[in-house]
Amino acid sequence: MATNTEQFFKKSFNDLNIDANRMELLNEIALFISNELKNKTKVNLNFICTHNSRRSQLSQVWASYAAFYYKLKNIDSFSGGTAVTAFYRNTVKTLQEVGFNFQILEFSHQNPEYLISYENCTKPIIGFSKLYDDEHNKKPFIAITTCSNADENCPFISDAIKRFHLPFNDPKSSDGTPQQAEKYKEASKQIAGEIHFIFKRVKELI
């Protein structure tokens with residue numbers, strides 16, 4: 001059953017259950033973003049994961065929504081990987097189930113490009129798998145790596161003004177199992193909740 005995007009975003013934050021170390025990291029990210037906003041007209045976030053197919057895509061979409069929700073128009077969000085694959089279909093499906101609309105912008109069997117929107121959207125999101133330094137991703141950016149492989153494989157990101165490692169559990173392990181939909185929803189919910197935490201704190205700090 002489809003869920004309203006705003007309701008899911010709020011519930012993800014309200015149900016958030018994180019330890020002190022994770023909260024400290026989220027606060028550190030929020031503080032850095034807020035300080036950048038005080039000194040710059042635009043801040044770019046680049047969520048990086050190995051294949052740019054699941055966690056980094058979820059992070060980009062939820063960060064874009066969070067900027068809309070908190071009216072932080074000077075934050076742009078992107079995503080990329082260390083390899084190009086595709087915006088995985090289960091990732092698309094779990095976002096569609098919470099109210100995101102996907103329109104094919106450029107068809108490709110291997111890696112279609114989507115225009116992603118939501119209710120009252122004023123700036124649709126462009127989503128497709130790409131390298132983290134793809135020309136589509138505006139520079140300079142704050143790099144946020146979302147999986148351990150990306151952390152190991154990207155020890156130095158030249159265009160990053162700052163790099164944070166914020167790993168999430170990979171729902172890929174559930175592909176083809178009866179738990180697939182549940183695990184993708186869990187991943188989306190955790191990411192939405194933590195992104196919500198970061199943006200809420202940024203709003204309070206600026």
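Phenylalanine 102 stands opposite isoleucine 116, a residue of strand E4. The model in which this pairing is found is a predicted one.

**Strands around E4**

- Strands E3 and E4 run antiparallel and are joined by five bridges.
- Together E3 and E4 make a hairpin, with six residues between them.
- Strand E4 also runs antiparallel to E5, to which three bridges join it.
- In this second pairing, tyrosine 114 has glycine 127 of E5 as its bridge partner.
- Four of the five residues of E4 are buried, so the strand is largely enclosed by the rest of the structure.

**Aromatic rings**

- A pair of aromatic rings is described by two values, the distance of the centres and the angle of the planes.
- The model holds 18 aromatic pairs.
- One of them joins phenylalanine 100 and tyrosine 118, with 5.8 Å from centre to centre and 80° between the planes.
- This pair is classed as edge-to-face, because its angle of 80° is over the 60 degrees that the class requires.
- Phenylalanine 100 lies in the loop between helix H4 (89-96) and strand E3 (101-106), while tyrosine 118 lies in the loop between strand E4 (113-117) and strand E5 (125-127), so the pair ties together parts that are 18 residues apart in sequence.
- Are these two residues buried or exposed? Phenylalanine 100 is buried, at 3% relative accessibility, and tyrosine 118 is buried as well, with a relative accessible area of 9%; each counts as buried because its value is under 20%.
- Both residues belong to one aromatic cluster, whose members also include Phe8, Phe9, Trp62 and Tyr65.
- Two rings have an arginine over the face: arginine 22 is 5.0 Å from the ring centre of phenylalanine 168, and arginine 54 is 4.0 Å from the ring centre of tyrosine 88.

**Nonpolar cores**

- The largest nonpolar core has 44 residues, and those with the most contacts inside it are Ile33, Trp62, Phe100, Ile198 and Phe199.
- Among the elements that give two or more residues to this core are helix H1 (5-14), helix H2 (20-39), strand E1 (43-48) and helix H6 (180-205).
- Which element gives the most to this core? Helix H6 does, with eight residues.
- A second, separate core has five residues, including Ile48, Tyr132, Phe141 and Ala143.
- Phenylalanine 100 touches Thr5, Val61, Trp62, Tyr65, Leu95, Ile116, Ser117 and Tyr118, leaving aside residues up to four places away in sequence.

**Helix H3**

- The 15 residues of H3 should span 21 Å at 1.5 Å a residue, and the end C-alpha atoms of H3 are 21 Å apart, which agrees.
- Of the 15 residues of H3, 13 are buried, so this helix is largely enclosed by the rest of the structure.

**Glutamate 194 and leucine 16**

- Glutamate 194 has its place in helix H6 and is buried, with a relative accessible area of 1%.
- Beyond residues up to four places away in sequence, glutamate 194 touches Leu16, Ile18, Arg22, Leu26, Leu166 and Phe168.
- Leucine 16 is found in the loop between H1 and H2 and counts as partly exposed, at 22% relative accessibility.
- The contacts of leucine 16, again without residues up to four places away in sequence, are Gln190, Gly193, Glu194 and Phe197.
- Leucine 16 and glycine 176 are 160 residues apart in sequence, and their C-alpha atoms are 27 Å apart in space.

**Backbone features**

- Lysine 71 lies in the loop between H3 and strand E2 (75-80) and is exposed, with a relative accessible area of 63%.
- Asparagine 120, also a residue other than glycine, has a positive phi near 65°.
- Asparagine 120 is in the loop between E4 and E5 and counts as exposed at 58% relative accessibility.
- Lysine 139 and proline 140 are joined by a cis peptide bond, with omega about -5°; proline 140 is found in the loop between E5 and E6.

Key:
Residues are numbered from 1 along each chain as its sequence is written. This is a predicted model: local features need pLDDT of at least 70, side-chain atom pairs count only at pLDDT 80 or more; totals for chains, interfaces and linings use all residues. Side-chain values use heavy atoms; hydrogens and water are left out. Rings of Phe, Tyr and Trp (its six-membered ring) pair if their centres lie within 6.5 Å; planes under 30 degrees apart count as stacked, over 60 as edge-to-face and the rest as tilted. Buried means under 20% relative accessible area, exposed over 50%, partly exposed in between (1.4 Å probe, protein chains only). A charge sits over a ring if NZ of Lys or CZ of Arg is within 6 Å of the ring centre and within 35 degrees of the ring normal. A nonpolar core is a set of buried Ala, Val, Leu, Ile, Met, Phe, Trp, Tyr and Cys residues joined through side-chain atoms within 4.5 Å. Contact means heavy atoms within 4.5 Å. The expected span of a helix is 1.5 Å times one less than its number of residues. Two strands pair if DSSP finds at least two bridges between them.
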